Amino acid sequence: MLMPHPTLLRRLVDEYEALMARTAPGERPDPHDPRVQDLAYTLCVSTGTREVGQALETARHMLAASLDEPAAHRAAAAAV
């Protein structure tokens with residue numbers, strides 16, 4: 001599977017969460033809002049999932065792994 005660039009993924013997650021934060025507690029965002037639809041779709045495609053909740057969870061795991069990746073590369077280089 002292709003992996004989305006962490007910067008793009010972070011921007012998608014941040015924007016989606018910002019839209020959700022503007023929604024009153026207990027309410028769902030307008031499902032007909034084109035930006036909500038675009039973000040949900042792009043998050044799902046980027047993470048290989050079908051539901052936005054799962055996409056957000058997968059995106060967070062991918063972002064956490066991308067933060068650990070530079071340390072792993074440094075450790076591997078030091079071992080050589």
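I call a residue buried when its relative accessible area is under 20%, exposed when it is over 50%, and partly exposed in between, using a 1.4 Å probe and protein chains only.

I note that this is a predicted model, in which local features need pLDDT of at least 70 and side-chain atom pairs count only at pLDDT 80 or more, while totals for chains, interfaces and linings use all residues. I number residues from 1 along each chain as its sequence is written, and side-chain values use heavy atoms, with hydrogens and water left out.

I looked up the elements first, and found three helices and zero strands in the protein chain, where helices (H or I, at least four residues) and strands (E, at least two) are DSSP runs numbered from the N terminus. Buried residues make up 26% of the 80 residues in the protein chain.

I then turned to helix 1 (residues 6-21) and helix 2 (residues 34-47), which pack at an angle of about 145 degrees with their axes 10 Å apart; the axes are lines fitted to C-alpha atoms over the stretch in contact, and angles run from 0 to 180 degrees between N-to-C directions.

Which residue did I follow further? Tyr 16 counts as buried because its relative accessible area is 8%. Leaving aside residues up to four places away in sequence, I found that Tyr 16 touches Val 36, Leu 39, Ala 40, Leu 43, Val 52 and Leu 56, with contact meaning heavy atoms within 4.5 Å. For one of these pairs, Tyr 16 and Val 36, I noted a separation of 20 residues in sequence and 7.1 Å in space, C-alpha to C-alpha.
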